[in-house]
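Welcome! Here is a short briefing to read alongside the structure, arranged by topic.

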Amino acid sequence: MLEPFVDPLPSTEPIHPISTYNGMPFYHVSMRQCRQKLHRDLPPTTIWGYNGLYPGPTFRVSRYEPIIVLWTNELPCQHILPIDTTVHGAEEDKPEVRTVVHLHGGVTPDLSDGYPEAWFTNNFEIVGPYFRTKLYEYPNQQPATTLWYHDHAMGITRLNIYAGLAGFYIIHDQEEQLLPLPKGSYDIPLLIQDRSFDSSGALFYPSQPDPPIPSINPSVVPDFFGKVNLVNGKIWPYLNVEPRRYRFRILNGANARFYRLSLSNAQPFYQVGTDQGLLPYTVKVDKLLLAPAERADIIIDFSHEAGNEIVMRNDAMSPFPQGDPPDPTSDGLVMKFRVNKPLSNLDESHIPKKLSYVPKLVPKPFYTERKLLLNTRPDSVKRNIHLLDDRFWSEPITENPSLWTTEIWSFINMTGATHPIHLHLVRFQILDRQSFDQDVYEKNGKVVTTGPKIRPETNEAGWKDTVRANPAEITRIIMVFGPYTGLYVWHCHILEHEDYEMMRPYIVIR
Ligand code: C2O
Ligand code: CU
Ligand code: CU
């Protein structure tokens, strides 16, 4: 019932260092509960924000310039969303409000990576079993790209992120700066998320699945899709633009929703980057599919659109790919561009054909190939537990690559949904996807392929950190483990899956 396109798109707040620490820029970010207007006609909504902001402030750092961040929790001791205490890591003996920050896509030493059990409470009064440091070090040795930071606390990540704990972390470098891409105020990050609200304007997150579980209240849900879409913390905003090219860094920050984005005038997006940086070549895309946590660096050319209004729409099914289509008047809407500003100066940007050199990782027969099942099992009350290779979080570590070795991980998806699989620490390339017969696998555990190996989409042909593993397909990725040893995690980025066992520790050994 809310009217779309009545609020301007908020530009995310920049953050600056407050001092230096061992010669490195030093930042402090505190998580706080605040109230924020998310739509013209909604009363202020209670959110959790980094520095009290939803989305959190945007870091813009330079490659090769490490920084230090002190993350503190100044949140109240009661959660604003329903916690299921039967979920591993969120039991009744744990503090309700626990936080730990992870820089998604960051190549970060393990102590600073935000291990899910390295959580801490308000003022570090209580800390989790893996807690070792208050100061996080981000080396920023990786190529320019759009990263994001978000909460990762064991068993309640879906609730902490839903409450607002997410923000951008953008790395710039010379290679990217030398390309003739739109810059400065024409380079805009867009965080897309879905949310629902109750009549008082409070964030709504279900406390029961459908059908409900009377014996467990609140209970986890298999996934959650909000009724409306927000961009940078506003519901269906608009952006007034000049008739020129703009660069948008699009992040799907939703809990479970996939977005397939298109423009109402059938104009294409020109994609220049993926999760981990520049693509080898610019790719023209009419429909941009993004699973939770995936990013796309794109250019929209408004130069021939003066006077026009262009709506960014979403037509991805929820759950993806076999669920329901969105309602074109609510979750099918994302935002609107109004090309109503005069051209303030000549647009000197171009859409380059060639962008960067991406060396191909080639599969070799002697590389370790791990075959990893994506599957579900019912729990004692018949809720679906999503698992990685049929194992729970607390089982012994099974993925233990050695430093600087190349491995191929192939995800065999026995479920009915696409899972965005994410590995911390490493960037990878997608080798291929191949369909297989789920019924045969169900019967005798044999993988019988039913089609050819399909190369990734052209706009997936760069470095990735999150990959869509589709149902009844084997998805193969290849990566080199490094530059750090230590304890990390890999998981499905549908947050309801991640919290309910679709996450596993892994270790890089010397
Ligand atoms: Cu976006 Cu484990 O993270
Ligand atoms: Cu991550
Ligand atoms: Cu999943």
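A salt bridge, as used here, is a side-chain nitrogen of Lys or Arg within 4 Å of a carboxyl oxygen of Asp or Glu. The model you are looking at is predicted: local features need pLDDT of at least 70, side-chain atom pairs count only at pLDDT 80 or more, and totals for chains, interfaces and linings use all residues. Residues are numbered from 1 along each chain as its sequence is written, chains are lettered from A and ligands numbered from 1 in the order in which they are written, and side-chain values use heavy atoms, with hydrogens and water left out.

**Domains and their contact**

- The protein chain splits into domain 1 (19–174), domain 2 (184–338) and domain 3 (368–508), with bounds that come from an automatic or database domain assignment.
- Between domain 2 and domain 3, the C-alpha centres are 24 Å apart.
- Their contact (heavy atoms within 4.5 Å) draws on 31 residues from domain 2 and 23 residues from domain 3.
- Together the two domains bury about 2,300 Å², with 55% of it on carbon and sulfur atoms; buried area is the accessible area (1.4 Å probe) that two parts lose on being put together, summed over both.

**What holds the interface of domain 2 and domain 3**

- Four salt bridges are counted between domain 2 and domain 3.
- Lys-464 and Glu-294 form a salt bridge in which the closest N and O atoms are 2.6 Å apart.
- On the side of domain 2 that touches domain 3, β17 (269–274), β18 (277–285) and β19 (288–290) each supply at least two residues, and β18 gives the most, with four residues. Strands (E, at least two residues) and helices (H or I, at least four) are DSSP runs, numbered from the N terminus.

- His-419 sits in strand β26 (residues 419–423) and His-497 in helix α4 (residues 495–499), 78 residues apart.

**Salt bridges overall**

- The count comes to 34 salt bridges.
- One pairs Asp-347 with Arg-244, at 4.0 Å from N to O.
- Asp-347 is in the loop between β22 (333–338) and β23 (368–378) and Arg-244 in the loop between β14 (238–240) and β15 (245–252), so this pair ties together parts 103 residues apart in sequence.

**Backbone features to look for**

- Most residues other than glycine have a negative phi, and most peptide bonds are trans.
- The peptide bond from Asn-217 to Pro-218 is cis, with omega near -5 degrees.
- The bond from Phe-320 to Pro-321 is cis, with omega near 0 degrees.
- Asp-390, though not a glycine, has a positive phi of about 65 degrees.
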